[in-house]
Amino acid sequence: MITRLLVANRGEIASRVFRTARRLGVQTVAVCSGADADLGYVAEADFVVRLPGATPAETYLDVDALLTWGEHQGADAVHPGYGFLAEDAGFARAVEAAGLTWVGPPPATIDLMGSKVAAKRHATSVGVPVLSVTDPTEADLPLLVKASAGGGGRGMRVVRDLADLPEALDGAAAEAAAAFGSGEVFVEPYVERGRHVEVQVWADGHGAVQVLGDRDCSVQRRHQKVVEEAPAPDLPDAVRAAMHAAALALTEPLGYRGVGTVELLYDADAERFWFLEMNTRLQVEHPVTEAVTGLDLVELQLVAAEGGTGPVEVPAPSGHAIEVRLYAEEPHHDHRPTTGRLVTFEVPREAGVRVDATYAAGDDVTPYYDGMLAKVVAHGPTRTAAARSLAGVLRRARIHGVATNRDQLVAVLTSEAFLAGAPTTAFLGEHPELSGPSRADRVAASFAATHAVVAEAVERRRDRHGVQHRVPPGWRNVRAAPQVTRWEVVGQEHPHEVAWVPARGGGIEHPSADLTVAGVRRADDGWRVDLTWEGVASWAQVVLDPAALPGHRDVFVDGPLGSVHLREVPRFTDPADAVASGSLTASMPGTVVRLDVAVGDTVTAGQPLLVLEAMKMQHTVSAPADGVVASVAVQQGVQVAAGEVLVVVETDEGPDR
Amino acid sequence: MSETTIHDQLDALAAEHAKAVAGGGEKYVGRHRARGRLTARERIELLVDEGSAFLELSPLAGWGSDYTVGASVVTGIGVVEGTECLVVANDPTVKGGATNPFTLKKLLRAHEVAERNGLPTISLVESAGADLPTQKEIFSPGGRIFRDLTRASARREPTLAVVFGNATAGGAYVPGMSDHTVMVRGAAQVFLGGPPLVRMATGEEAEEESLGGAEMHARVSGLADHLAADEHDAIRIARRVVARWERHKPVAPPTYDWAEPDADPEELLELAPTDLTEPFDPREVVARVCDGVSVDNPVAFDEFKPLYGTSLVCGWARLHGRPVGVLANAQGVLFSEEAQKATQFVQLANASGTPLLFWHHTTGFMVGTDYEQGGIVKHGAMMINAISNSTVPHFTVLMGASYGAGNYAMNGRAYDPRFLFAWPNAKSAVMGPKQLAGVLSIVSRAAAEAKGAPYDEEGDAGMRAMVEQMVEEQSLPFVLSGLLYDDGVIDPRDTRTVLGICLSVAENTAWTGATAYGVFRP
C-alpha cells in the first residue's frame with residue numbers, strides 16, 4: 001500500500017496528483033527546483049525535496065537526486081507526472097530497484113512504446129495501420145520528421161522539399177538529443193488535414209484492459225496541443241468503435257499497467273486512421289476524460305500501481321468537455337514564450353469549470369520550464385455550450401504581467417470554424433486571424449488607454465505624498481496644450497496616446513471629444529472606472545502596478561472589450577541607453593547554443609548568425625540585411641535575457657547615430 | 001457702458017492668456033520650432049512631473065503696455081521629481097526672450113515667491129539679454145536677479161539653470177550664479193560678450209562655439225556641469241539633478257479625511273458680483289471653495305463672532321484638509337467692530353498657527369462723524385497692525401471691490417500676502433470711480449467758491465466723466481495684473497485649486513504664529 005507518494009514533477013500536474021492522494025489519505029512529497037520553490041504545489045505537499053539549481057537536468061531529470069532525497073523524506077512510491085522522466089524506463093527501473101512503487105507501466109513496456117520505431121512495429125504486428133516511409137520520394141511529400149524519443153512537438157520538422165530533408169533531420173536530431181538525450185529520428189508522411197484523436201486506456205496489470213474514452217486534440221500550435229476535448233466530436237460510430245478496438249489490440253499484449261493513451265491520426269475524408277504513438281503516462285489533457293466520465297484517472301493509476309484489479313465501471317460520456325492550455329506566450333509572434341511576474345491571476349471559478357494551475361498571482365514565470373500557466377476545463381451538455389462557457393471564463397479571467405494566448409483561445413472557441421465541427425491539426429495555420437491582434441483589440445486598447453488615464457489621475461490626486469496634496473491632476477491656470485499620456489500597448493506595435501485636459505472636479509476631459517467620467521471607485525486591487533465617450537458608456541477595471549519605477553509603470557485594464565496591458569512610455573531616454581541600429585536583440589530569454597559569425601564578417605540578409613535555445617525550442621537569429629558584423633555581444637553557451645543585444649550588423653546605411 | 005457678464009470677463013481673460021501663450025506669434029514660434037527647439041511652455045510641460053499641476057504666476061504681466069502680454073518670460077510653480085519648484089522660462093519667441101521692464105518685474109516677483117516659500121529655482125534659459133532700448137529702466141534694478149539667485153543658494157534653496165540657447169552678457173550670470181547648470185550641445189551659448197562685442201573691445205575674431213558653446217563650457221571652462229545631447233536630454237538631466245536635492249517639506253501635509261465643497265463651485269460664477277455695489281454673502285463662497293463635510297470635518301465652517309461686526313465674516317474651515325482661517329467682507333463696509341473682530345481673529349490664528357485667507361469685497365472703512373468719534377482710525381490701525389505683524393501664511397483673493405484702506409486692512413498687495421489673486425470682475429483703487437470723481441468735484445467747487453469764481457458746471461460734468469472712466473479703467477484687474485499688483489487673474493471656479501496649490505507651496509517653509517505686534521491702541 002502506498003503511504004507516501006513522491007511526485008517527480010512540478011506545477012499543475014503535481015498539484016493534480018496531490019489532490020487525489022490527499023483524498024485517498026496518502027501523504028505527499030513534492031520536488032522543486034530553486035526556481036519553483038515559491039509555486040503553490042510545493043506548499044500543498046506534506047514533504048518537500050528541494051533540489052538546488054534551475055535547469056531540468058539539475059533538478060527534475062536528476063534520477064539519483066530524486067531518489068536519494070525522496071527516500072530521505074520517506075517516500076514509498078513515485079508518480080512521474082508527464083514530461084521529464086515520465087516515459088524514462090531507466091527511471092522506472094531505478095525506482096523499482098530502490099524498492100519503491102512505480103506509478104506507471106512496467107519499464108519494459110515503456111521501453112517498447114517509448115521508441116516510436118519499435119512501437120510502430122508492434123502496431124503493425126497487431127494489425128493497426130501505421131504511417132511510415134523508409135525511403136522518401138517526391139510522392140511522399142510533405143514529410144514529417146519526428147524524434148523517436150520525443151513528445152510535445154520537440155524535434156519535429158515539416159519538410160515540403162526533399163532538398164530540405166537532410167537539414168531537417170540534423171536539426172531534429174540535435175533538438176531531440178538536447179531535449180531527450182536521444183538523437184534518433186524518423187520520417188513519416190505528413191497528413192496535413194488530419195485530426196489528432198486519442199484513446200484513453202487503463203489496465204490493471206493483471207490482464208484487464210479497458211477503454212475509458214476518446215479525445216480530440218487537433219488544435220495545435222508548433223505541434224503542441226492547445227485545445228483538447230472529449231469525446232472526440234464528429235466521429236462516425238464505426239470509426240470510434242474501430243479506434244477503441246485498435247487501442248485495446250495494441251495494449252492487451254503489452255502486460256500494461258495503469259493509464260495510457262493511444263494516439264491516432266484520423267483522416268476524416270477517408271474515414272481512415274493510423275497509429276502514431278502510445279503515451280505510457282497520464283496525459284496533460286486527462287481532465288476532459290475525467291469531466292465526461294466522472295472517473296479519477298490518478299486514482300486508477302494508483303489502484304493499478306498497488307496491484308488492484310479491474311475492470312472498473314466506465315460510464316458512457318456525459319455531455320462534452322473542452323480543455324485549453326493557457327500559455328505564457330505571444331501567439332502573434334510565433335508563440336514566442338514570455339516570462340515575468342504574474343501580477344494577477346484570477347480565473348473565475350464556476351460550476352462546470354475546472355482550473356488546474358501551475359502558477360498563481362505573484363509567481364515568476366521563469367524561462368526554465370514549459371510556460372503553461374494553467375489548464376482550464378469546461379464541461380457542458382454540448383460541445384457548443386462547453387465552448388461558450390469556457391470562452392466566457394477565459395474572457396473574464398484577470399491575467400496581468402505576462403502575455404498569454406488567452407485571446408487566441410477565446411478566438412478559437414468562439415470562431416465559426418471551431419464551432420462548425422471537429423478541426424484538423426492545420427486549424428490554427430488555416431485561421432491566422434485567430435492568432436493576431438484583431439480590430440477589437442485596437443478598439444479595446446483605445447478604450448483601455450482612456451480608462452487608465454482616468455484611474456491614474458484619480459490615484460495621482462490621492463497619493464501625491466503631500467506635494468500638491470489633493471490638487472486636480474494636470475491643472476493649469478493658463479492652458480497652452482492638452483496633457484498627453486503615452487502608453488505602449490504590450491503586444492501591439494503602435495503606442496497609444498491619450499490627450500486630456502483636467503476637469504475642475506479632479507477628473508479629466510477630452511480636449512475635443514465628449515468624455516465624461518461617470519465614476520471611479522476602488523475595486524479589488526485597482527479601480528473600477530465608468531465613463532461616457534461620445535454618449536457611449538463603458539467600464540473597465542484598472543490596476544496600476546504600484547511597484548513599478550516612475551515612468552515605467554505597467555497598467556492592466558480588464559473589461560468587456562478584453563484585457564489590455566499598457567506600459568507607460570518613458571518621457572525621456574538616456575542617450576547612453578539607446579540601442580544602436582542594426583542591433584539584434586534576444587526576443588526571449590535563452591541560451592546561445594551556436595554562434596556562426598565573428599566581428600568583421602560580411603553577412604547577407606537572412607543568413608543565420610546564431611541559434612538561441614529557449615523553452616527547449618531553437619530559434620535562429622538571422623541577418624536583417626546585407627552588412628558587416630560590427631560587434632558580437634555574446635559567446636556560445638551564455639544565457640541571455642530578453643531584449644539583450646546579441647549581435648550588431650552594420651548595414652550599408654551605417655548605424656544610426 | 002454695456003452690461004458685461006462674468007462670462008464675458010472670463011472670455012476676455014482667456015483671450016489675454018492666449019496672447020501670452022502665443023508669445024511672439026506664429027512667425028517667430030514657427031522659426032523657433034524650425035530650429036528644432038521647444039517653446040517655453042513645452043519645456044515646462046516636459047520638466048514638471050506628469051499629471052502634476054502648474055500654477056503660472058503673473059501671466060498678464062505687461063498687459064496694457066507696449067510689450068507682449070506675459071513679458072517674454074513664463075514663471076510659475078511646478079512639481080519636479082516630487083519637489084515644488086519655482087520655474088522661470090524665457091520665451092525666446094518674443095524679441096529673442098529679451099528682458100524688458102515688465103520681464104524684470106515679473107522675475108523679481110517670482111524670486112520673491114521663491115524666497116517667501118523656500119522654493120528651489122529652475123531657470124530654463126534662452127534670452128538675448130537686456131532689451132537694449134529700455135536698458136535705462138532695467139540696468140540698475142536688474143542686478144538683483146543675480147543677487148537673488150546666489151542668496152537663494154545661501155538659504156539652501158537650490159538653483160538650477162538649463163541653457164537651451166543664448167545666455168549673453170547679464171544672461172550668462174543666470175547659469176553663472178546657479179548651483180547647477182545643464183547646457184544643450186550645439187545650442188547653448190553662454191558668454192559675457194558675443195563675437196561682435198569681443199571684436200569691438202579687443203579686436204579678437206572669436207568664434208561662437210569656442211567663445212561660449214556648451215561643449216566648451218562642459219570640457220574647458222567648467223561652467224557647464226552637464227552636457228545634454230538635446231533639449232529632451234537637458235530636461236531629463238535637470239530632473240535627475242532635482243531628484244538628488246532630496247528636498248523634504250518641513251511642514252507635513254494634513255492626513256485628515258476631506259471632501260469636495262458642499263455646494264457646487266460652478267455657482268461661484270453666479271455669485272461673483274459684476275455690479276460691485278451689490279454686497280453678497282461670502283459664506284456662499286466658503287461653501288464652494290472650502291472642504292465640505294466629511295468624517296474628519298463634521299462642520300464645514302465654524303464662524304467666529306457671528307453676531308458681532310457682521311460686515312466681516314471670520315471663521316475656521318479646511319481646504320484640501322488643511323486648516324485655514326477665513327476673513328471675508330460681507331457688507332462691503334468695515335466699521336470699528338469689524339476691525340476689532342479681525343484683530344482678535346488674526347491673533348487667534350497666530351496663536352494656533354493657522355494660515356489665513358482674505359477675501360475682498362470692500363469699499364473701505366466707514367466715514368462720518370459718529371464713526372470717527374467711535375475710533376474707526378485707531379480700530380482700523382489695530383487691524384492693519386495685527387495683519388502686518390502676523391506670521392502665518394496669508395493668501396488674498398479679490399472677489400469684487402477692493403477700495404481704499406479696506407484693501408490695506410484686508411491684506412492687499414502692499415501687505416505682502418504670500419499670494420494674491422483676483423477674479424476677473426474685481427476692481428481695486430483708492431476709492432470707487434464715482435466717489436473719486438465726486439470728491440474731486442467737491443474739492444474744485446470749494447476752491448472756486450473760496451476764490452469767489454463761478455463754477456463751470458459743464459466742465460465739472462466733463463471732468464467727472466473723464467475721471468470716472470479713467471479710474472474705472474485703472475481699477476480693472478487686467479491693468480493691475482499687468483502692473484504685477486497681483487499674481488494673476490483666476491477663474492472664480494479655480495479658487496479652491498489655486499489656494500490648495502498655494503497652501504501646499506507654503507508648507508515648504510515652517511512658520512510659527514506671531515508673538516509680537518505693534519503697540520495696539522484699543
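## Briefing on a two-chain predicted model

Over residues 6–257 of chain B the chain is 44% helix and 19% strand, and the end C-alpha atoms of this stretch are 33 Å apart. Helices (H or I, at least four residues) and strands (E, at least two) are DSSP runs, numbered from the N terminus. The structure is a predicted model, in which local features need pLDDT of at least 70 and side-chain atom pairs count only at pLDDT 80 or more, while totals for chains, interfaces and linings use all residues. Residues are numbered from 1 along each chain as its sequence is written, and chains are lettered from A and ligands numbered from 1 in the order in which they are written.

**Chain B as a whole**

- According to the unreviewed UniProt entry, residues 6–257 of chain B carry the annotation "domain: CoA carboxyltransferase N-terminal"; UniProt positions are given in the numbering used here, feature names are shortened, and annotations may be inferred rather than shown by experiment.
- Chain B contains 21 helices and 17 strands. Its radius of gyration is 25 Å, close to the 24 Å that the globule rule gives for 522 residues, so chain B is as compact as a globular protein of that length. The radius is taken over C-alpha atoms, and the rule is 2.2 Å times the number of residues to the power 0.38.
- The C-alpha trace of chain B spans about 80 × 70 × 45 Å along its principal axes.
- Of the 522 residues of chain B, 53% count as buried. A residue is buried if 20 or more other C-beta atoms, placed from the backbone, lie within 10 Å of its own.

- All five residues of strand S6 (residues 180–184) of chain B are buried, so the strand is largely enclosed by the rest of the structure.
- Both of its faces are covered, with His180(B), Val182(B) and Val184(B) on one side and Thr181(B) and Met183(B) on the other.
- Strand S5 (residues 159–168) of chain B pairs with S6(B) in the parallel sense over four bridges; two strands pair if DSSP finds at least two bridges between them. Here Leu160(B) stands opposite His180(B).
- S6(B) also pairs with strand S8 (residues 226–228) of chain B, in the parallel sense over three bridges, and Met183(B) stands opposite Leu227(B).

**A sheet and a helix in chain A**

- Four strands of chain A form an open sheet in the order S31-S38-S36-S33, with antiparallel pairing. Its edge strands are S31 (583–585) and S33 (602–603), each of which pairs on one side only.
- Strands S36 (residues 627–632) and S38 (residues 645–651) of chain A are joined by five bridges, and Val628(A) stands opposite Glu650(A).
- Helix H12 (residues 406–414) of chain A is mostly covered, with eight of its nine residues buried; among them are Arg406(A), Asp407(A) and Leu413(A).

**Nonpolar cores**

- The largest nonpolar core has 166 residues, and those with the most contacts inside it include Leu264(A), Val376(A) and Leu390(A). Such a core is a set of buried Ala, Val, Leu, Ile, Met, Phe, Trp, Tyr and Cys residues joined through C-beta atoms within 7 Å.
- Helix H15 (residues 439–462) of chain A gives the most to this core, with 11 residues.
- Apart from it lies another core, of 140 residues, among them Val471(A), Ile122(B), Ala188(B) and Val313(B).

**Contact between the chains**

- In chain A, 25 residues are in contact with 38 residues of chain B, where contact requires C-beta atoms, placed from the backbone, within 7 Å.
- The side of chain A that touches chain B has 11 nonpolar, seven polar and seven charged residues. Ala, Val, Leu, Ile, Met, Phe, Trp, Tyr, Cys and Pro count as nonpolar, Asp, Glu, Lys and Arg as charged, and the others, Gly among them, as polar.

Terms used: Two residues are in contact if their C-beta atoms, placed from the backbone, lie within 7 Å. A residue is buried if 20 or more other C-beta atoms lie within 10 Å of its own, exposed if 12 or fewer, and partly exposed in between; C-beta atoms are placed from the backbone.
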